[in-house]
Amino acid sequence: MAQHTASHGEHEHESHGSLKSYVIGFVLSLILTAIPLAVVLNDWMQGTGARAVLLICAVLQFVVQLVFFMHLREEKKPRYNLLALILGIIILITIVGGSIWIMTYNNVG
C-alpha cells in the first residue's frame with residue numbers, strides 16, 4: 001500500500017509542472033506573441049524579414065508550449081507522445097508543403 005501511494009505521488013509530480021514553470025511559459029508566450037505583433041503593426045520590417053520574424057516566433061512559441069505546458073522534457077516513460085507529435089509534424093509538413101507545391105505549379109500546363 002505504501003508503495004502504491006509513493007508511486008501515485010511520483011506520478012502526480014511527473015504529470016504536473018510547478019507554478020514557476022507555468023508563469024515562465026506564460027510570460028514567454030506573451031513575449032513571443034507581442035514581438036511579431038509589434039513588428040507587423042509598426043512596420044518595423046516588411047516582406048521576407050517580417051515573414052522570417054513571424055516564422056521564428058511561431059516555432060519558438062511551439063517549443064515553449066511543448067516544454068512548459070505539455071511537459072515533454074519531464075517524461076521518463078517511453079516517449080509515445082513525442083513520437084506521435086513528430087509523426088504529426090511530418091504529416092503536417094507533407095500536407096502543407098505538397099499544397100504549396102501544387103499551387104505553385106498549378107498554372108503550368
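Q: Helices are DSSP runs of H or I with at least four residues, strands are runs of E with at least two, and both are numbered from the N terminus. How much of residues 52–70 is helix, and how much is strand?
A: The span is 95% helix and 0% strand. Its end C-alpha atoms lie 26 Å apart. This is a predicted model: local features need pLDDT of at least 70, side-chain atom pairs count only at pLDDT 80 or more, and totals for chains, interfaces and linings use all residues. Residues are numbered from 1 along each chain as its sequence is written, and side-chain values use heavy atoms, with hydrogens and water left out.

Q: How many helices and strands does the protein chain have?
A: Four helices and zero strands. From the N terminus on, the order is α-α-α-α.

Q: Which residues does UniProt list for "transmembrane region"?
A: The unreviewed entry lists 21–40, 52–70 and 82–103. UniProt positions follow the numbering used here, feature names are shortened, and annotations may be inferred rather than shown by experiment. In the model, residues 21–40 are 100% helix and 0% strand. The end C-alpha atoms of that span lie 29 Å apart.

Q: Why is Ser29 called buried?
A: Buried means under 20% relative accessible area, exposed means over 50%, and partly exposed is in between (1.4 Å probe, protein chains only). Ser29 has 10%. That is under the cut-off, so Ser29 is buried. Ser29 is found in helix H2. Of the 109 residues of the protein chain, 16% count as buried.

Q: Why is Gln65 called partly exposed?
A: Its relative accessible area is 31%. That value falls between 20% and 50%, so Gln65 is partly exposed. Gln65 sits in helix H3 (residues 48–69).

Q: What makes a polar contact of the side chains of Gln65 and Ser29?
A: A polar contact is a pair of N or O atoms within 3.5 Å; within protein, one must be able to donate a hydrogen and the other to accept it, and residues adjacent in sequence count only if both atoms are side-chain atoms. The Gln65 and Ser29 side chains pair at 3.1 Å. So the distance meets the cut-off. The Ser29 side chain also makes a polar contact with that of Gln61, at 3.1 Å.

Q: With which residues is Ser29 in contact, leaving aside its neighbours within four places in sequence?
A: Gln61, Val64, Gln65 and Phe69. Contact means heavy atoms within 4.5 Å.

Q: What makes the nonpolar surface patch?
A: Leu19, Val23, Ile24, Phe26, Val27, Leu28, Leu30, Ile31 and Ile35 make it, with about 780 Å². Patch residues need over 30% relative accessible area and no salt bridge (a Lys or Arg side-chain nitrogen within 4 Å of an Asp or Glu carboxyl oxygen). Nonpolar side chains (Val, Leu, Ile, Met, Phe, Trp, Tyr) are joined within 5 Å, like charges within 9 Å. Val23 has 44%, so Val23 passes the area cut-off. Val23 lies in helix H2 (residues 19–41).

Q: Why does Asp43 count as exposed?
A: Its relative accessibility is 52%. That is over 50%, so Asp43 is exposed. Asp43 lies in the loop between H2 and H3. Its phi is positive, about 55°, although Asp43 is not a glycine.

Conventions:
Areas by Shrake-Rupley, 256 points an atom, 1.4 Å probe, with all protein chains shown as cover.
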